[in-house]
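Okay, everyone, thanks for coming. Let me put the structure up on the screen, and then I'll walk you through a couple of spots.

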Amino acid sequence: MAVNFPSIDPASLHPVPGVTLGWAEANLRKPNRKDVLVIAVDDGATVSGVFTMNRFCAAPVTVCREHLALARDGAAPIRALLVNTGNANAGTGELGLAHARDSCAELARLLRIDAQQVLPFSTGVILEPLPIERLKAGLPQAVAQLAPAHWYEAAQAIMTTDTLPKAASRQLDIDGHTVTLTGISKGAGMIKPNMATMLGFVATDAAITQPVLDALVKDVADQSFNCITVDGDTSTNDSFIVVASARSTLPTITSTQSAAYRALRDALMQLAQTLAQLIVRDGEGATKFMTVRVEAGRSVDECRQVAYAIGHSPLVKTAFYASDPNLGRILAAIGYAGIADLDVNRIELYLDDVLVAKAGGRHPDYREEDGQRVMKQSEITIRVCLARGDAQATLWTCDLSHDYVSINADYRS
């Protein structure tokens with residue numbers, strides 16, 4: 001059950017000049033579903049990405065990092081992305097690496113490019129060999145369907161336990177030039193920074209130099225996909241990729257200090273946050289969407305530390321599922337977040353506009369029925385004031401329900 005998930009009109013997803021998308025039904029795990037996606041990129045584009053921090057990263061993540069390093073050196077600019085669902089190709093050792101490279105080689109043959117110009121991505125079950133022959137057999141169908149307007153179908157093709165496809169699009173005017181951004185994401189469980197367990201692909205027709213794009217991707221990821229959590233598990237396959245096709249008439253962005261960069265950054269940030277929040281809204285078994293905002297900390301990292309402690313707590317999340325204002329669980333999470341010199345007597349805790357706790361304990365005017373009223377809502381804000389400085393951080397999470405257990409207990413069945 002997705003929480004206030006917006007209706008996505010495929011016609012609202014703007015094609016990005018220089019980018020085409022095609023899919024196939026390769027029967028990698030389940031029949032009659034899109035499970036292979038190819039994104040082709042015209043020559044002259046720049047591509048950058050950030051990946052999971054899980055040391056047990058999947059084979060395609062390793063290959064992506066290798067191929068992006070070659071692209072940054074100018075040896076083999078990225079021309080295509082290949083995504084499969086149903087199998088993560090993680091925990092598969094040398095065979096998994098060979099399969100990831102073989103899939104790149106086969107797509108490269110069909111597109112008449114070099115294998116190093118392909119970035120591979122996988123998502124699905126860990127510790128099982130990738131059905132490479134079925135994947136390769138599906139590639140001609142995906143290539144045959146390449147077209148600029150297939151963003152909605154592309155979002156469908158990367159789903160695993162997602163209940164709905166996730167996509168968003170923006171157009172803006174920068175100095176009289178129209179710039180387009182469109183993206184897709186997937187994810188519903190095994191969600192925790194860094195990165196959240198997800199795949200995210202965004203394309204823009206702006207021209208951006210490689211160093212600037214590298215900085216932009218990291219900045220945007222840190223304030224979007226790295227600010228969501230469903231269950232506290234960091235996946236083996238997380239990847240966030242931005243393609244800049246350089247087909248807009250806007251002059252090339254060469255500096256992070258320019259007005260054009262700031263305008264594009266703001267638009268990309270809004271788009272990425274939308275895609276990230278759609279993952280939380282579609283969290284496995286989720287019934288509530290929760291914003292955790294920590295204010296007045298000494299640093300952003302400190303604020304995030306507290307926010308993650310709250311957002312990851314199964315006790316907090318199950319209480320919100322039940323609409324049970326057992327709010328001492330939030331105070332406990334703040335207390336074990338790891339800030340050694342935290343003065344709990346200065347902390348204020350709010351649920352939406354309801355002041356719950358201050359001065360080290362329950363606020364005298366707080367009433368249980370007020371807490372329960374807020375907790376029955378489908379969208380809730382938890383706000384914590386640390387009274388230690390000027391920094392703040394926000395993350396998005398969801399509750400933890402019976403359905404979450406059922407979905408993950410039966411995931412391989």
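So, look at V306, A309 and I310 in helix α7: they meet I330, A333 and I334 in helix α9, where contact means heavy atoms within 4.5 Å. The residues of that contact split into 6 nonpolar, no polar and no charged; nonpolar here covers Ala, Val, Leu, Ile, Met, Phe, Trp, Tyr, Cys and Pro, charged is Asp, Glu, Lys and Arg, and polar is the others, Gly among them.

Quick word on the source: this is a predicted model, where local features need pLDDT of at least 70 and side-chain atom pairs count only at pLDDT 80 or more, while totals for chains, interfaces and linings use all residues. Residues are numbered from 1 along each chain as its sequence is written, and side-chain values use heavy atoms, with hydrogens and water left out.

How do the axes of α7 and α9 cross? Helix α7 is residues 300–312 and α9 is residues 328–335, and their axes come within 8 Å, crossing at roughly 135°. Those axes are lines fitted to C-alpha atoms over the stretch in contact, with angles from 0 to 180 degrees between N-to-C directions.

Now zoom out to the domains. The assignment, automatic or from a database, gives domain 1 (10–282) and domain 2 (289–410). Their centres, taken over C-alpha atoms, are 32 Å apart. At the interface, 17 residues of domain 1 are in contact with 14 residues of domain 2.

Methods: Helices (H or I, at least four residues) and strands (E, at least two) are DSSP runs, numbered from the N terminus.
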